[in-house]
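Please look at the sequence and the model first, and then read the notes arranged by topic.

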Amino acid sequence: MANGTERCEEGCAFVWDVIDPNEIGNRIRNGAADIAHLIAVGSATDVRLSQEVWSPLEYAGHVRDVLFNLRDRLVVALNEDNPLCKALFGTPRIELGLYRGDSSALVAQELQTAASLFARTWERIPEDLRSRTMVYGYPRLNDRSLTWVAAQALHEVEHHLEDVKAGLGTS
């Protein structure tokens with residue numbers, strides 16, 4: 001954290017503190033639609049450019065799962081005081097082959113469903129409850145407001161949109 005402003009440590013320039021909470025839902029919908037379109041029309045979306053970098057399809061599946069997971073975490077935090085939520089285990093999902101065999105069309109559809117569900121849930125949380133907190137493990141264990149968690153969902157979408165573009169050679 002530099003000067004009290006938290007920025008993405010992986011170089012995408014995302015800054016949580018400057019996100020307008022009222023824009024989160026639409027930006028998530030739009031970013032997920034962009035990822036869905038790219039993997040639906042792209043060729044070889046399941047191909048990795050290197051062993052260490054996920055394929056565009058794996059990134060899209062990860063974003064889908066993040067949105068479902070964070071949506072559930074919001075609901076938990078609305079009903080429990082400062083809960084410690086379970087990790088997503090994103091990398092193990094891929095390493096265990098849990099995305100193997102998923103088609104681009106299926107993941108694109110599910111990603112847009114996840115984005116819609118997350119956005120609608122976020123938009124329906126009353127503003128006076130958005131300051132409730134949960135214990136969140138990224139980038140380090142910390143108490144995070146629901147607003148921060150919603151911004152993190154947006155970060156995941158926008159950050160991995162760039163990963164998908166790079167994997168398809170369209171960035």
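A residue is called buried when its relative accessible area is under 20%, exposed when that area is over 50%, and partly exposed in between. E58 has a relative accessible area of 16% and is therefore buried. The model described here is a predicted one.

**The largest pocket**

- The largest pocket holds about 540 Å³ of space.
- Its lining comprises 24 residues, of which H62, L88, Y136, Y138 and E156 are the closest to the centre of the pocket.
- Helix α2 (56-79), strand β1 (133-136) and helix α5 (146-168) are the elements that each contribute two or more residues to this lining.
- Sorted by class, the lining of the largest pocket consists of 12 nonpolar, eight polar and four charged residues.

**The second largest pocket**

- About 200 Å³ of space is found in the second largest pocket.
- The residues that line the second largest pocket are D46, S55, L57, E58, I94, G97, Y99, R100, G101 and D102.
- This lining is made up of three nonpolar, three polar and four charged residues.
- Two of the lining residues, E58 and D102, return below as salt-bridge partners: E58 pairs with R48, and D102 pairs with R64.

**Salt bridges**

- The structure contains 10 salt bridges.
- In one of them, the side chains of R48 and E58 meet at 2.9 Å, taken from N to O.
- This pair connects distant parts of the chain, since R48 lies in the loop between α1 (24-41) and α2 while E58 belongs to helix α2, and the two are 10 residues apart.
- R64 and D65 form another salt bridge, with their closest N and O atoms 2.9 Å apart.
- Both partners count as buried, because the relative accessibility is 7% for R64 and 11% for D65.
- R64 also forms a salt bridge with D102, where the closest N and O atoms are 3.8 Å apart.
- D102 has a relative accessibility of 21%, so D102 counts as partly exposed.
- Through shared partners, salt bridges join R64, D65, R93, D102 and E110 into one network.

**Cysteines**

- A search of the whole structure finds zero disulfides.
- C12 counts as partly exposed because its relative accessibility is 32%.
- C85, at 16% relative accessibility, therefore counts as buried.

**Backbone angles**

- Most residues other than glycine have a negative phi.
- N82 is not a glycine, yet its phi is positive, at about 45 degrees.
- N82 is placed in the loop between α2 and α3, and its relative accessibility of 29% is why N82 counts as partly exposed.
- F89, which is not a glycine either, has a positive phi of about 60 degrees.
- The loop between α2 and α3 also holds F89, and a relative accessibility of 53% is why F89 counts as exposed.

Definitions and conventions:
Residues numbered from 1 in each chain as written. Predicted model: local features only at pLDDT ≥ 70, side-chain atom pairs only at ≥ 80, totals over all residues. Heavy atoms only, no water. 1 Å grid on protein atoms, 1.4 Å probe; cavity = no way out; pocket = protein on both sides within 12 Å on 5 of 7 lines; lining within 4 Å. Points joined across faces, edges and corners; volume = space filled by probe spheres on them. Helix = DSSP H or I, 4+ residues; strand = E, 2+ residues; numbered from the N terminus. Nonpolar A, V, L, I, M, F, W, Y, C, P; charged D, E, K, R; others polar. Disulfide = S-S within 2.5 Å. Buried < 20%, exposed > 50% of the residue type's maximum accessible area, 1.4 Å probe, protein only. Salt bridge = Lys/Arg side-chain N within 4 Å of Asp/Glu carboxyl O.
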